[in-house]
Amino acid sequence: MKQKCGKVLRSIWEDIRKIRWALAALAVYYAATGLLFRASCPMRLLTGFPCPGCGGTRAAVLLLQGRFQEAFGMNPAVFVWIPYVLYLLWQRYLGAPRNRKKINFALTALVCLVTVGCYAAGMASGFPLREPYTYYRGNLMRMFAGGASAP
């Protein structure tokens, strides 16, 4: 068991090492956009409209806190994303069969369809008054069109 855990941790560390510059760039992006614009979602920052993933991080935190109803209200797709990510981690690090292209494609398509469906339902029922389906007035398109300045 110790050997297996050590192997998994080494694999995770190796993967992190391989993408360290991308992770650093993302950290800089999120810090800069958070400080300058108070919005980090690229779609919201550019257009002012939320993307299908908006509210996903908040929903995951609420779900981990056991606040299921609030998580569902923030972004219902989190209930398919968490098992999907756990499946991918299991497949990558715990030795699940790797040649599952058809299953992986079908699961990815299903998760994307559920996410877009939840987004459409949320936008229809909550835009523009309920988080995360609100309009961000400090967006870049509006700023460059002369309609507003950054908050």
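Modeller: A word on terms first: a pocket is an open set of grid points with protein on both sides within 12 Å along at least five of seven lines. Please keep in mind that the model is predicted.

Colleague: How much space lies in the largest pocket?

Modeller: The largest pocket holds about 350 Å³ of space.

Colleague: Which residues are the closest to its centre?

Modeller: Ser40, Cys41, Cys54, Gly55 and Arg58 are the closest to the centre of the largest pocket, out of 15 residues that line it.

Colleague: And which helix gives the most to the lining?

Modeller: Helix H4 gives the most, with three residues. Helix H4 spans 56–64, and helix H3, spanning 42–47, also supplies at least two residues of the lining.

Colleague: How do the lining residues divide into nonpolar, polar and charged?

Modeller: Six of the lining residues are nonpolar, five are polar and four are charged.

Colleague: Let us change topic. How many salt bridges does the structure hold?

Modeller: There are four salt bridges in the structure. One of them pairs Asp15 with Arg92, where the closest N and O atoms are 2.6 Å apart.

Colleague: Which parts does that pair tie together?

Modeller: Asp15 belongs to helix H1 and Arg92 to helix H6 (residues 78–93), so the pair ties together parts that are 77 residues apart in sequence.

Colleague: Is Asp15 buried or exposed?

Modeller: Asp15 counts as buried, because its relative accessibility is 16% and the cut-off for buried is under 20%.

Colleague: What does Glu14 form a salt bridge with?

Modeller: Glu14 forms a salt bridge with Arg17, and the closest N and O atoms of this pair are 2.8 Å apart.

Colleague: How are Glu14 and Arg17 placed in helix H1?

Modeller: The two are three residues apart in helix H1 (residues 2–18), so about one helical turn separates Glu14 from Arg17. Glu14 is partly exposed, with a relative accessible area of 30%, and Arg17 is partly exposed as well, with 38%.

Colleague: What about Glu70: which residue does it form a salt bridge with?

Modeller: The partner of Glu70 is Arg67, with the closest N and O atoms 2.7 Å apart. Glu70 has a relative accessible area of 41% and is partly exposed; Arg67, at 36% relative accessibility, counts as partly exposed too.

Technical notes
Residues numbered from 1 in each chain as written. Predicted model: local features only at pLDDT ≥ 70, side-chain atom pairs only at ≥ 80, totals over all residues. Heavy atoms only, no water. Salt bridge = Lys/Arg side-chain N within 4 Å of Asp/Glu carboxyl O. Helix = DSSP H or I, 4+ residues; strand = E, 2+ residues; numbered from the N terminus. Buried < 20%, exposed > 50% of the residue type's maximum accessible area, 1.4 Å probe, protein only. 1 Å grid on protein atoms, 1.4 Å probe; cavity = no way out; pocket = protein on both sides within 12 Å on 5 of 7 lines; lining within 4 Å. Points joined across faces, edges and corners; volume = space filled by probe spheres on them. Nonpolar A, V, L, I, M, F, W, Y, C, P; charged D, E, K, R; others polar.
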